[in-house]
Amino acid sequence: MSNRNHDAAADEIAHPSARRLLPDASEIAASFMRRRRLFIGVFLTTLALTITVLALLPRTYTATGSLLLEPREAEPVKVNDRGFVPPADDNLIDTAVQIIRSPTLTLDVVRDLHLDRHPEFGGEPSSFVASSPSPKQLPPDAITPRERRAAGALLARSYVKRVGVTYLVEISVSAKDPALAASIANALARRYIELDAAKKQQRNSQSAHYVETQASSLRRQAVSDDAALQDYMIRNNLMSAQGATMAEQEVSELNRQIADAQAQLAEQRGKLGAAQAQISRGGGGADIGAALASETVRQLRQQEAQASARLAQLDARYGAIHPDVVEAKDELADIHSQLNAELTRIVSGLRGDVQIAESRLDSLLASRSLAKGSLAQNSSAQVGRLELERRAEASRAIYNAYLTRAKETAQAGELPNADASIASVARAPGAPSSPNYLVGGVVGLAAAIILAATATGLAEYLENALATRSDIETGLGAAYAGAIPTLKSATRSKAGSIAPQDYVIARPMSLFTESLRNLATYLGLTTGDGTVLTVTSALPREGKSTTSMCLARTLAMGKRTVVLVDADVRHHTASDVLAPNHRAEGLFRVLDGSRSLSEALIVDERTGLQILTTLGPNGPNDVITDTAMASLIAELRTRFDLVIIDSAPVLGVAETRLVSQLSDATLVIARWRRTPEKAVRTALDMLAQSHSTVGGVALGMVDIKEFASAGLTDAFGYYKKFKGYYVD
């Protein structure tokens, strides 16, 4: 139990990647390096196909123009014109986009530009003649099949979209001819504007006719309502001036005159009362205001003063009975009499003025009473007047609105009034829009990488041949004995004319020879005595005979006694190569006892290696048996330090398992990247069933450059660093 735990711990230390959830990056890189030729081939092929496709694809040019849509709500009659009408909702703009892509508008453009004659739109090349747009319109029932095909092709090559949330609409058209693409895009824009203008023109005409008809009717109604209002005002005495009726003006004037008359009466009464008060106090009325203002009274007052002064002088001079005094007294009395008469007349005049003021006031009050009666009648009639006045004003307002709208409609009909304008004219593009070489190149590059990686991964997944140390240790669960390179890859010199078994003698310090020493060291062949090693393979032509000969010669040059037994009695490659001039049967004669071992052994003069050859069975008795082979191996153990047996492939020859069972260890050779993993697994299972001891599995005929470039966990992964240690 402790040994198994120790082995498990050692395995975790030696292979830390086994505990990782994700695959080791070095393993992925190694897979790509092993398949780099496939990767590069698929990559370059895909790039070449991409370039070819891009070169063969027809060039298409896309021209783009834009329309500015300014939709407004229709208002044939603006009774209350509030200025700018807000734009309509987004649905109208989406409707405009659909109109541009409508079959009717597309067919008009096809006919205008004669696209049905263009080969790109389904026409014959000889029939296409470029022409300017024509206003000619054909009825829908006269659509020809060629025009229908051209319209469908144009719909497929045009694209109309709204730019964001703006009122701009882009019109894009693709064609092989850049000038044709631009002309079609501009024609679509112009045709939409023409259709919109025609629709507006028709609507304006209808509006103008409607407005004129209504205006004529409203004019008659307005005149009739004004006449009814005037007639009603005349009948009800509601004629007015300066905003007031005659009755209102009369009452107002009488009120003013009555106020004046009342003031005048009060003034006259005041004067009369003052005069009567002065007279009643005994003043004689001399201080009466009217008297003071009278010229007659003033003169009489002067005469009175003169007469009084003369009387006083005469009375003082002559006395009271003097005639001059008496005359002066009579003159003064006469003046007093005239003065009193004048004062009496003045007071009578004041009484007359009061009576006149009272009479005038009474007359004005009576007139006002009559005027108030007329005003009351007018107030009752005002209700009807206001109703007629409102009706007349409404009729005049509506009539004025229709009259103004009629003038506007007449002027609008003479001007272009489309709700769209060309924001930008489509120009002939300088570069094709399809194929997009940049995008195509990027897509091709990505596709090349993906396909190459997929092919590499698929090849790696489908490969069942042994190629790495991991394939042997992880896939087979066997011990990895090492790798034996091909002579071509292990040396820098030209080794095409020399055999590997001869190369180990000529270049004992070479990398190829060193790989054999490493194999011997792993198998423990450099220290033990009497060790028996069987070299076999799962299938033929795996390099086992070459490995046996090279390994035997390499160890023989190390001053050890080595014997190579050629037990591959059917192909006997080792006998043919190492002893071509000795044609006597050796192995079977030793097994049947007709020859001794010493007589049958052949010495390799160049290395001292001894070889027990075979020429194959000559009859039914030439077979390898357990007893005879066991006796031979026992005798070989006593005479040699190392016994190497080159046996037949284990899957095809049963006697190989017999020989392997009698050996101390069995080395299985698998050809690098050629031998299927299942074949080696089957061979190992058969050896295990025969209770053979498998020393390990070695990879033969390895291309060391490919093997090392994969970055595998093997000594050959670092061979470049040890070039100075080898002599090629």
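## Loops, a patch and a helix crossing

Arg-541 sits in the loop that links β8 (531-537) to α17 (544-556). Keep in mind that this is a predicted model. Although Arg-541 isn't a glycine, its phi is positive, near 55 degrees. You'll find Arg-673 in the loop between β13 (665-671) and α23 (677-689).

Here is how exposed some of the residues in this report are.

| Residue | Relative accessibility | Class |
|---|---|---|
| Arg-541 | 68% | exposed |
| Val-442 | 51% | exposed |
| Leu-168 | 30% | partly exposed |
| Arg-673 | 23% | partly exposed |

Val-442 belongs to helix α12 (residues 437-462). Together with Leu-438, Val-439 and Val-443, Val-442 makes a nonpolar surface patch of about 390 Å². The loop between β6 (420-424) and α12 holds Pro-435, and the peptide bond from Ser-434 to Pro-435 is cis, with omega near 0 degrees.

Leu-168 is part of strand β3 (residues 168-175). In sequence, Leu-168 and Ile-93 are 75 residues apart, yet their C-alpha atoms are 9.1 Å apart in space.

Now for the helix packing. Helix α5 (residues 103-113) packs against helix α7 (residues 178-235) at an angle of about 120 degrees, and the two axes are 10 Å apart. That angle makes α5 oblique to α7, because the roughly perpendicular range stops at 115 degrees and roughly antiparallel needs over 145. As for handedness, α5 and α7 cross in a right-handed way.

Technical notes:
Residues numbered from 1 in each chain as written. Predicted model: local features only at pLDDT ≥ 70, side-chain atom pairs only at ≥ 80, totals over all residues. Heavy atoms only, no water. Patch = residues over 30% accessible without salt bridge, like charges linked within 9 Å, V, L, I, M, F, W, Y side chains within 5 Å. Areas by Shrake-Rupley, 256 points an atom, 1.4 Å probe, with all protein chains shown as cover. Salt bridge = Lys/Arg side-chain N within 4 Å of Asp/Glu carboxyl O. Helix = DSSP H or I, 4+ residues; strand = E, 2+ residues; numbered from the N terminus. Buried < 20%, exposed > 50% of the residue type's maximum accessible area, 1.4 Å probe, protein only. Axes fitted to C-alpha atoms, helices over the stretch in contact; angles between N-to-C directions. Parallel < 35°, antiparallel > 145°, perpendicular 65-115°, else oblique. Left-handed = near helix turned anticlockwise from the far one by under 90°.
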